[in-house]
2 protein chains.
Amino acid sequence: MTKAITPEWIAVDWGTTHCRAWAMGADGEILADARSSAGMGTLEREGYEPALLDMVGAWLGGRDGENPMRIICCGMVGARQGWIEAAYCAVPCPPLSPDLTRAPTTDARLDVRIVPGLKQQKPADVMRGEETQIAGFIALNPNFDGVLCQPGTHTKWVHISAGEVVSFQTAMTGDLFAAISGHSVLRHSVSVDGWDDDAFDAALSDGLAKPESLAARLFALRAEGLLHGLPNASARARLSGLLIGAELAATRPYWLGQQVALIGADTLCAHYATALAAQGITAKRTDGDALTRAGLIAAHSLTKEPTT
Amino acid sequence: MTKAITPEWIAVDWGTTHCRAWAMGADGEILADARSSAGMGTLEREGYEPALLDMVGAWLGGRDGENPMRIICCGMVGARQGWIEAAYCAVPCPPLSPDLTRAPTTDARLDVRIVPGLKQQKPADVMRGEETQIAGFIALNPNFDGVLCQPGTHTKWVHISAGEVVSFQTAMTGDLFAAISGHSVLRHSVSVDGWDDDAFDAALSDGLAKPESLAARLFALRAEGLLHGLPNASARARLSGLLIGAELAATRPYWLGQQVALIGADTLCAHYATALAAQGITAKRTDGDALTRAGLIAAHSLTKEPTT
């Protein structure tokens with residue numbers, strides 16, 4: 001018979017397309033983990049509690065209404081269309097607020113708290129989920145003063161100073177890449193995978209040097225395929241290079257002359273590291289998953305402390 | 001009983017999503033017209049002849065293999081994935097070549113000729129269909145020296161001199177607008193219709209003045225909706241303004257200080273006219289459909305002349 005898992009608390013990263021949960025021990029060690037495809041994008045409001053119980057129900061042994069399980073969640077679960085809205089905190093502020101939002105549950109064993117996202121009034125910007133990675137990064141690098149870049153569907157550039165988020169800027173580069181490569185005429189020219197380092201490098205420096213030419217560069221991927229046999233893998237790398245080049249042009253005030261740390265998936269971060277290196281920036285790279293857990297641990301600690 | 005329609009020849013505009021045909025009299029007058037949704041995007045190679053007969057079969061009375069009906073087609077019907085590839089002509093050249101490509105038919109009453117598109121080796125670019133509108137424009141404005149702008153899914157900027165296409169540049173602005181507004185996170189923020197002139201004007205001048213900021217401006221449409229209640233119709237106009245602004249930044253060598261004529265649909269051309277007017281360019285506007293027919297008439301005339 002398997003020994004029952006009896007965590008101290010549970011950490012949950014609940015995004016748009018997936019959900020992951022970790023059974024946490026008293027000293028921050030992971031006793032077990034679970035994952036589900038019940039992301040925020042697929043759930044109605046009343047679907048969250050059953051989806052959570054499906055994942056973590058086996059870890060609730062011995063819990064009751066007197067001694068419920070503390071469950072700390074971050075991500076889109078706290079969006080307006082999620083389980084319950086966890087109102088944004090306005091920067092400048094620390095990445096984590098001690099005021100987590102309690103989600104309504106019918107099962108008395110559950111004490112679910114949701115980490116709020118961050119907002120910036122002007123230029124208007126929002127994040128939800130990334131703040132937890134940022135908190136994890138700061139927990140592990142308390143003296144960091146510089147810029148975090150979190151590449152992804154909506155890449156975040158975040159200015160950090162004295163443990164606070166000073167300002168941030170979103171570039172929807174991954175989202176644009178998917179929309180353009182999947183739903184414009186370039187779907188005929190850009191492969192689903194494959195890569196070409198030289199094409200990426202050339203497009204990146206072109207996109208960064210002449211961001212005003214972006215609109216003229218895109219259709220050329222189609223035309224060069226038709227006229228000169230540009231391979232679809234090269235077109236894919238060039239599209240990525242043009243879009244990341246445009247992003248770097250737009251976010252220059254964030255990275256120019258700064259200490260930059262990249263947080264996220266390996267392949268994508270490698271492309272950003274290459275791009276920044278060409279601009280003389282040596283970016284430190286950190287795995288995002290570990291930082292999400294470190295941030296959830298930091299959020300859990302905050303909920304145990306008296307608020308000031 | 002209705003009098004039978006017996007045209008001299010038939011003009012056909014056969015695009016990706018639709019097909020239109022006109023029964024033409026001896027003096028260029030339109031005797032009848034027909035349309036179909038059997039666009040190039042929906043047809044296999046063997047489907048073109050039946051689709052054409054569905055539209056124009058009633059106009060073939062008295063024709064036979066000795067005296068077939070001349071049918072002049074322009075558009076994507078001549079693409080590699082169309083009925084038969086009509087190889088591109090390389091600019092600089094007149095918009096129409098006398099060497100039309102004959103499509104294979106089994107019905108001896110049909111003599112189908114397809115107008116070739118234009119290509120530019122460097123920067124690589126192609127057009128197919130627009131060359132016929134350009135020919136129509138030049139037929140009606142033989143002394144025009146300047147730039148044509150044909151806004152649409154793939155907007156063309158075309159430098160015309162001495163009756164020839166000197167060079168051209170495609171900006172896939174309409175395609176980008178559809179992909180971004182329909183298939184990125186902005187689908188939640190950008191309405192399907194509605195408009196806001198002030199939002200368009202401000203975004204346009206912002207996009208044109210700071211094209212390097214485009215990547216930073218897009219996600220703000222989402223964030224301003226969430227934080228400041230930006231209406232979806234305003235977000236739609238701003239997205240359009242940002243993209244047309246980026247296009248104008250990329251095509252500045254085409255329009256700056258030039259005589260510009262806009263060809264195309266009314267609403268879209270009005271937006272471009274507004275944009276160009278803000279840059280001190282008064283663009284002449286012409287209806288695209290009339291020019292397509294004028295261009296097909298010019299192409300028909302060429303097929304009657306001995307080639308040199």
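## Group meeting: a predicted two-chain model

B:A162 sits in the loop between β11 (155-161) and β12 of chain B. I start there for its backbone. Phi of B:A162 is near 50°, which is positive, and the residue is not a glycine. For context, most residues other than glycine have a negative phi. Buried or exposed, then, is B:A162? B:A162 has 11 C-beta neighbours inside 10 Å, so B:A162 counts as exposed.

Now chain A. A:A162 lies in the loop between β11 (155-161) and β12 (164-171) of chain A. Phi is near 50° at A:A162 too, again a positive value in a non-glycine residue. A:A162 has 11 other C-beta atoms within 10 Å, and it is therefore exposed.

A word on confidence. This is a predicted model. Its scores are ipTM 0.93 and pTM 0.93. For chain A, the average pLDDT is 95. In that chain, 98% of the residues score at least 70.

Next, cis peptide bonds. Most peptide bonds are trans. Here are two that are cis. In chain A, take the bond from A:K122 to A:P123: it is cis, with omega near -5°. A:P123 belongs to the loop between β8 (118-120) and β9 (125-127) of chain A. In chain B, take B:V91 and B:P92. A cis peptide bond joins them, and omega is about 0°. The loop that holds B:P92 runs between β5 (89-90) and β6 (101-102) of chain B.

On to a strand, β1 of chain B, residues 9-14. How many of its six residues are buried? Six of the six are, so the strand is largely enclosed by the rest of the structure. Look at the two faces. B:W9, B:A11 and B:D13 point one way from β1(B). B:I10, B:V12 and B:W14 point the other way. Both sets are buried.

What does β1(B) pair with? Take β2 of chain B, residues 19-24. Six bridges join β1(B) to β2(B), and the two run antiparallel. One pair to find on screen: B:W9 has B:M24 as its bridge partner in β2(B). A hairpin of four residues connects β1(B) to β2(B). Then there is β4 of chain B, residues 69-74. Four bridges link β1(B) to β4(B), and these strands run parallel. Here, B:D13 stands opposite B:C74 in β4(B).

Now the interface. 39 residues of chain B are in contact with 39 residues of chain A. Which elements of chain B build its side? β9 (125-127), β12 (164-171), α3 (173-183), α5 (214-228) and α6 (232-250) each supply at least two residues. The largest share, eleven residues, comes from α5(B). By type, the side of chain B that touches chain A has 22 nonpolar, eleven polar and six charged residues.

Last point, symmetry. In general, two copies of a chain are related by a rotation about an axis and a shift along it. Which rotation superposes chain B on chain A? It is a rotation of 180°, with 0.0 Å of shift along its axis and an RMSD of 0.0 Å. The two copies are therefore related as by a two-fold rotation axis. The same surface serves both copies, with 100% of the contact residues of chain B recurring in chain A.

Conventions. Residues are numbered from 1 along each chain as its sequence is written. Chains are lettered from A and ligands numbered from 1 in the order in which they are written. This is a predicted model: local features need pLDDT of at least 70, side-chain atom pairs count only at pLDDT 80 or more; totals for chains, interfaces and linings use all residues. Two residues are in contact if their C-beta atoms, placed from the backbone, lie within 7 Å. Ala, Val, Leu, Ile, Met, Phe, Trp, Tyr, Cys and Pro count as nonpolar, Asp, Glu, Lys and Arg as charged, and the others, Gly among them, as polar. Copies are superposed by least squares on the C-alpha atoms of residues with pLDDT of at least 70 in both. pLDDT is the predictor's confidence in each residue, from 0 to 100. A residue is buried if 20 or more other C-beta atoms lie within 10 Å of its own, exposed if 12 or fewer, and partly exposed in between; C-beta atoms are placed from the backbone. Two strands pair if DSSP finds at least two bridges between them.
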